[in-house]
Amino acid sequence: MEETAAEVVPLPEQERVMDKRNDRMETSTEDANTTEGRGIGIFAIALSIVSLFFLPVLLGAAGIIVGFFARRRGATSLGSWAIGLGIASIVISLIFAPFF
């Protein structure tokens, strides 16, 4: 049994090679998720910035919703900024609405 077990168990050099391959595979999947979320995050930021000037409640709410999708897809900073700008746009429009 010991001889067959020694043949099946990978050598330390083989384990290092396998670890490097697994690391490469993990980083490639993380990069794909971040890239996918980055596009959605840029769209969410664009919606939130446009909401500061045009249709603040509608576009601000859309920016918030798309920002949550961006955060879920991996673009946490872009999604957070979009959510914050969307909320700020809605709050500012509600504060200044009675004056116009």
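Rings of Phe, Tyr and Trp (for Trp, the six-membered ring) form an aromatic pair if their centres lie within 6.5 Å; planes under 30 degrees apart count as stacked, over 60 as edge-to-face and the rest as tilted. The structure holds one such pair. This is a predicted model, in which local features need pLDDT of at least 70 and side-chain atom pairs count only at pLDDT 80 or more, while totals for chains, interfaces and linings use all residues. Residues are numbered from 1 along each chain as its sequence is written, and side-chain values use heavy atoms, with hydrogens and water left out.

**Overall fold**
- The protein chain has four helices and zero strands, in the order α-α-α-α from the N terminus.
- Helices (H or I, at least four residues) and strands (E, at least two) are DSSP runs, numbered from the N terminus.
- Of the contacts in the protein chain with a separation of 6 or more, 59% are between residues 24 or more positions apart; contact means heavy atoms within 4.5 Å.

**Surface and burial**
- The protein chain exposes about 7600 Å², and carbon and sulfur atoms supply 68% of this area.
- Accessible areas come from the Shrake-Rupley method with a 1.4 Å probe; for residues, only the protein chains shown count as cover.
- Buried residues are 22% of the 100 residues in the protein chain.
- A residue is buried under 20% relative accessible area, exposed over 50% and partly exposed in between (1.4 Å probe, protein chains only).

**Nonpolar core**
- A nonpolar core is a set of buried Ala, Val, Leu, Ile, Met, Phe, Trp, Tyr and Cys residues joined through side-chain atoms within 4.5 Å.
- The largest one has six residues: Ala-44, Ile-45, Leu-47, Leu-59, Val-66 and Ala-82.
- Two or more residues of this core come from each of α2 (12-51) and α3 (56-73), and α2 gives the largest share, three residues.
- Apart from neighbours within four places in sequence, Val-66 is in contact with Ile-40, Phe-43, Ala-44 and Leu-47.

**Ser-48**
- Ser-48 lies in helix α2 and counts as buried because its relative accessibility is 0%.
- Apart from neighbours within four places in sequence, Ser-48 is in contact with Gly-63, Ala-82, Leu-85 and Gly-86.

**Aromatic pair**
- The pair consists of Phe-96 and Phe-99; their ring centres are 6.5 Å apart and their planes are at 55°, so the pair is tilted.
- Phe-96 is partly exposed, with a relative accessible area of 45%, whereas Phe-99, with 64%, is exposed.
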